Amino acid sequence: MARLIHLNGLSRVGKSTLARRYAHDHPGTLALDLDVLAGLIGGWQENFFATLELARGHGRELAMRHLRQGYDVILPQLVTVHDRDPDPAFEAAVRAAGATYLEVALLVDDREHLRRVRDKRPINAVEARLQAVLEDPDSDLIDRIRGHLDAYLAKRPHAIRLDTTGIGEDESYARLLKALDST
């Protein structure tokens with residue numbers, strides 16, 4: 001049965017990296033990065049969050065079509081109580097496609113998270129814009145997002161939690177595969 005694997009977690013914990021790697025290793029899997037999709041929509045620079053909502057709608061349609069064709073979708077996307085509680089449209093799309101929804105929360109401690117934010121080298125304009133916002137010394141955005149994610153995950157007992165503190169990409173990927181194989 002096809003599955004939508006939602007990789008949730010703070011910005012810069014490795015969601016997109018692991019999604020791309022999973023898709024590369026699993027032919028036919030769609031790595032559906034909504035931030036990348038949002039960057040393809042004109043005007044994203046002026047109102048990223050409105051554009052992200054458009055991208056989410058397009059993403060749900062892409063995911064549903066892909067799942068109905070029997071292929072997995074891996075979705076690297078931060079979702080918190082501030083965004084959705086949870087995003088019922090994605091889960092409804094998965095059910096309508098006759099597929100399985102799995103959520104994996106990639107976790108990291110505060111110190112390591114701040115290091116990863118500082119060390120990140122953006123690979124596109126959307127990432128560069130998000131990076132600038134996250135690195136703003138006058139902003140408490142990272143703390144607010146962490147609080148929103150913690151509150152969201154407290155209501156999601158079935159979400160698989162993977163602590164990636166102190167480990168690299170290879171070990172994180174191995175743990176992801178092991179967790180997915182056990183479901």
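I began with R12, which is found in the loop between strand 1 (3-9) and helix 1 (15-25). Here helices (H or I, at least four residues) and strands (E, at least two) are DSSP runs, numbered from the N terminus. Residues are numbered from 1 along each chain as its sequence is written. The model is predicted: local features need pLDDT of at least 70, side-chain atom pairs count only at pLDDT 80 or more, totals for chains, interfaces and linings use all residues, and side-chain values use heavy atoms, with hydrogens and water left out.

I looked up the backbone of R12 and noted a phi near 80 degrees, a positive value in a residue other than glycine. Most residues other than glycine have a negative phi. Is R12 buried or exposed? R12 counts as buried because its relative accessibility is 15%; buried means under 20% relative accessible area, exposed over 50%, and partly exposed in between (1.4 Å probe, protein chains only).

Five strands form an open sheet in the order 2-3-1-4-5, with parallel pairing; two strands pair if DSSP finds at least two bridges between them. Strand 2 (30-31) and strand 5 are the edge strands, each pairing on one side only.

I then followed strand 5 (residues 160-163). Strand 5 pairs with strand 4 (residues 100-107) in the parallel sense over four bridges. I found V104 opposite I160, and A105 has R161 as its bridge partner.

Finally I examined the pockets. On a 1 Å grid over the protein atoms alone, a pocket is an open set of points where a 1.4 Å probe fits, with protein on both sides within 12 Å along at least five of seven lines; lining residues have an atom within 4 Å of a point. A volume is the space filled by probe spheres set on the points, which are joined across faces, edges and corners.

The largest pocket has a volume of about 1100 Å³. Of its 45 lining residues, the closest to its centre are S11, R12, K15, L130 and L134. Helix 6 (125-134) gives the most to this lining, with six residues.

The second largest pocket has a volume of about 160 Å³. Its lining includes L114, L134 and D143. Helix 5, helix 6 and helix 7 each supply at least two of its lining residues.
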